[in-house]
Amino acid sequence: NTMIMKPLYAILFAMMALLCSCQKSGDEGVSVPIHVTQSIDAKSEVIDTDDLSSEQIKEYPVKGVFLNSIDDFYYYPELDIADLKTKGIDFVNNTLVVNFILVPGEVKSRNCTWALNSSEKCYDFNTTIDYAPWPDGSKTRFTYYRVAIVVKKISAETSVHYWQSLHQLD
């Protein structure tokens, strides 16, 4: 009986090892967190879309950009980023990554992460925001929220995905 069990255990062990290694290699390297050199204080402005014309609404784009030099600021005149020039960023070794988000309430906390997404061959700038809804229940008032981080230099041809996750607090 033990003569049969030993090979059976060996086969079972080999199958488990194979299954575990397949699972590990399937998950490995999809999104690898990377060190953020500097996190810059967020900037916010409360806006009410009822008070804005369609032209004025265009002044609040929801988008992400990255800048590799002071000269790159020139390409984004529509974005409120001029104050970031004064942050003393070492653009020789670093890149400034900025994301603009509309939040349907008051921002209570945020968390930003920077990761290498090896499956899509790009970087991910992830922003998680906890917010409280407006006390009056307004559906037209938002917090226009800018988050920015400084990371190790990336090339201008690099693809960056900007993700945000909004969590309403009770």
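Trainee: What should I know before I start?
Mentor: This is a predicted model, where local features need pLDDT of at least 70, side-chain atom pairs count only at pLDDT 80 or more, and totals for chains, interfaces and linings use all residues. Residues are numbered from 1 along each chain as its sequence is written, and side-chain values use heavy atoms, with hydrogens and water left out.

Trainee: What is the average pLDDT of the protein chain?
Mentor: pLDDT is the predictor's confidence in each residue, from 0 to 100. Here the protein chain averages 86, and 83% of the residues score at least 70. Over residues 5-27, though, the pLDDT is below 50, and beyond near neighbours in sequence this stretch has zero contacts in the model (a contact means heavy atoms within 4.5 Å).

Trainee: How many salt bridges does a search of the whole structure find?
Mentor: The criterion is a side-chain nitrogen of Lys or Arg within 4 Å of a carboxyl oxygen of Asp or Glu. The search gives seven salt bridges. One of them joins Lys43 and Asp83, at 3.8 Å from N to O. This pair links distant parts of the chain, 40 residues apart: Lys43 lies in strand S2 (residues 38-48), and Asp83 in the loop between strand S3 (64-67) and strand S4 (94-103). Strands (E, at least two residues) are DSSP runs, numbered from the N terminus.

Trainee: Which residues are linked with Lys43 in a network of salt bridges?
Mentor: Asp80, Asp83 and Arg146 join Lys43 in that network.

Trainee: Is Lys58 buried or exposed?
Mentor: Buried means under 20% relative accessible area, exposed over 50%, and partly exposed in between (1.4 Å probe, protein chains only). Lys58 is exposed, at 58%, and its salt-bridge partner Glu55 is exposed too, at 52%. Their N to O distance is 3.2 Å. Asp136, exposed at 54%, forms a salt bridge with Arg141, with the closest N and O atoms 2.8 Å apart.

Trainee: How many disulfides does the count come to?
Mentor: A disulfide is a covalent bond between the sulfur atoms of two cysteines. The rule applied is a pair of cysteine sulfur atoms within 2.5 Å, and the count comes to zero. As for the accessibility of individual cysteines, Cys112 is buried at 15%, and Cys122 is buried at 1%.

Definitions and conventions
Helix = DSSP H or I, 4+ residues; strand = E, 2+ residues; numbered from the N terminus.
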